[in-house]
Amino acid sequence: MRTSWADSVANSASEIAVADNNPLPRPTRSTYVPPHLRNRTASEAPTLPGPVTDRAGFSAAAGGSQWPRWGGGSGGNKPESGRPAQGYGYAGAGRGGGGGGGWNNRSGGWDRREREVNPFGDDEEVDTEHSFNEHENSGINFDAYEDIPVETSGDNVPPPVNTFAEIDLGEVLNQNIRRCKYVKPTPVQRHAIPIALGGRDLMACAQTGSGKTAAFCFPIISGIMREQYVQRPRVARTVYPLALILSPTRELSCQIHDEAKKFSYQTGVKVVVAYGGAPINQQLRELERGVDILVATPGRLVDLLERARVSLQMIRYLALDEADRMLDMGFEPQIRKIVEQMDMPTRGVRQTMLFSATFPREIQRLASDFLSNYIFLAVGRVGSSTDLIVQRVEFVQETDKRSHLMDLLHAQRENGIHGKQALTLVFVETKKGADALEHWLCMNGFPATTIHGDRTQQEREMALRSFKSGKTPILVATDVAARGLDIPHVAHVVNFDLPNDIDDYVHRIGRTGRAGKSGLATAFFNEGNLSLSRPLAELMQEANQEVPAWLTRYASRAPYGGNKNRRSGGGRFGGRDFRREGSFSRNLDYYGGGNSSTAAYGVPGNYGGGYAPGVTSAWD
DNA sequence: AAAAAAC
């Protein structure tokens, strides 16, 4: 039995026909209303008469061509929380399916949220008196954010915001944001959240560790809260999530799920994760209990779709994390199948958001298949690394790598970092190489573990836990751990084997230097890495790193190539949205680039990641 | 060539 909020509402109302495959009308796209102008007049808003739906299942409340109104309800106190709904959001009349409103009015009589585990592990009431004050900003290196270039292109780009308070996310979500100790939005959040709330498709590039997960989760959660009236079809054992978040690894999906659970605590929005390598039955049970946001890896999702246990028919929000990876050769067919060949609403009907730190031009081109009149957002140069990471490259022959690593680890032992064990993440090229190096490290007195695709999911998760806890402060990893994983206290990333792709390098070193903290990245370079010399030297130079003279010499000899994102000799700006590249000018009109506006914002000095010290979460 | 992602 599905007990998701919206399902419950749906159950109490008449069945609706969503049987045909006609594109759903999209009430959101025609007009952009800046966040600060929305929800201005709760008192003027017509009281919702109950779940009124058009044939496609969208709420017909208020707005017409707008998003359904917020705060249209009245008197919607939530008995179990004791907090008044304050005119915001989805509380109030209409919720109960015309039966007098209120939360406990559904058949069954109990509120599922009472059983919701507190993901914050506390039960204290959060301070709601002063919201988002800026007094918790210690530990953040604001200077590092001072001159991050921000570029947007596309039609009618919604302006950025400076604070969470000025974004109308709703009180419950705001409270969760406070519980997460997020004080101010990070640069990517400042720009992406208004764009997403405006209903626009988005291709967002932002540096590793800059808070991308929240940037797409907040708008999805608040959007679903505003539309809880939506009715979903009832087909035996099939569930109809409203949002789908895809990521390339199981651990990353887990992490996104954990974060989304915190953000959606007590909102009534249900988040479920599905990935391979774990028993499917438990995931099926979770799904049957109701799902609004499904976080998944592609393989398991396809399985669920083929079993008809999940339908994408009601998807309103699609987010691809690490989107360039999701669309590269290995994943693209699966993604196309999910997005284009199942029952997902077409682009322009759903809202699609792509996020990554890197976005090669050819992948941008591919990605535009999934987007509709989208906004391109770049915070920092696409594919650049953050200045917070000190990058070193050392020339190390293959045979010397182990002893060289040993030297680094010995040197590091002396660096005690206030209480918390400093963690070292070592990247290697192959799964076998990972096992071998782990074994050798352990034999030599360095507690290490390893994570790669040949290990069972249980082993992978155990390795990650053991590393995070400091029990084994060295983790040897393949590229499975290169992207997105937010592991606090990673002080050092060692590229024992360099990747062939500079973008992979960017993601790997991005496991340190997160949330405004500094980090160190050391790479072992030798003749086997010649093709990386030029892009690596350019990247390091861009990031104001010291480039060894020998690397510069290699780079000058290396053939031009591997330069997917950067224009040689180009300034720090421009040419990052592929629609604006000269060679694609014939496409400009098609993509609406002909009359597109481009705005570049200098970033004010005081707005870095306003997060309390020690608090990092899923940022990428 | 390797890695990831379903059973």
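**View 1. The stretch from residue 162 to residue 190 brings its two ends together at 6 Å between their C-alpha atoms.** Over residues 162-190, the chain is 45% helix and 10% strand. Here helices are DSSP runs of H or I with at least four residues, strands are runs of E with at least two, and both are numbered from the N terminus. An unreviewed UniProt entry lists these residues as "short sequence motif: Q motif"; such positions are given in the numbering used here, feature names are shortened, and annotations may be inferred rather than shown by experiment. This is a predicted model, in which local features need pLDDT of at least 70 and side-chain atom pairs count only at pLDDT 80 or more, while totals for chains, interfaces and linings use all residues. Residues are numbered from 1 along each chain as its sequence is written, chains are lettered from A and ligands numbered from 1 in the order in which they are written, and side-chain values use heavy atoms, with hydrogens and water left out.

**View 2. Six strands build an open sheet with parallel pairing.** Follow the order β10-β15-β14-β11-β13-β12 across the sheet; two strands pair if DSSP finds at least two bridges between them. At the edges are β10 (389-395) and β12 (448-451), each pairing on one side only. On average, neighbouring strands are turned by 20° against each other, direction ignored. Axes are lines fitted to C-alpha atoms, for helices over the stretch in contact, and angles run from 0 to 180 degrees between N-to-C directions.

View 3. To get from β14 to β15, the chain passes through helix α14 (residues 502-509) in a right-handed β-α-β crossover: with the strands pointing away from the viewer, the path from the first strand over the helix to the second runs clockwise.

**View 4. Strand β14 is mostly covered.** Of its 6 residues, 5 are buried (buried means under 20% relative accessible area, exposed over 50%, partly exposed in between, with a 1.4 Å probe and protein chains only). Strand β11 runs parallel to β14, joined by 5 bridges, and Phe427 stands opposite Asn495 in β14. Helix α11 (residues 401-413) lies across several strands, including β14, and runs at about 160° to β15.

**View 5. Phe525 forms aromatic pairs with Trp550 and Tyr554.** Rings of Phe, Tyr and Trp (its six-membered ring) pair if their centres lie within 6.5 Å; planes under 30 degrees apart count as stacked, over 60 as edge-to-face and the rest as tilted. The Phe525 and Trp550 pair is tilted, at 5.5 Å centre to centre and 50° between the planes. Because Phe525 lies in strand β15 and Trp550 in helix α16 (residues 549-557), this pair ties together parts 25 residues apart in sequence. Phe525 is buried at 0% relative accessible area, whereas Trp550 is partly exposed at 21%. The Phe525 and Tyr554 pair is also tilted, at 5.7 Å and 45°. Tyr554 counts as buried at 19% relative accessibility.

**View 6. Glu527 sits in the loop between β15 and α15 (530-542).** At 43% relative accessibility, Glu527 counts as partly exposed. Leaving aside neighbours within four places in sequence, Glu527 is in contact (heavy atoms within 4.5 Å) with Phe395, Gln397 and Tyr554. Glu527 and Phe395 are 132 residues apart along the chain, with their C-alpha atoms separated by 8.9 Å.
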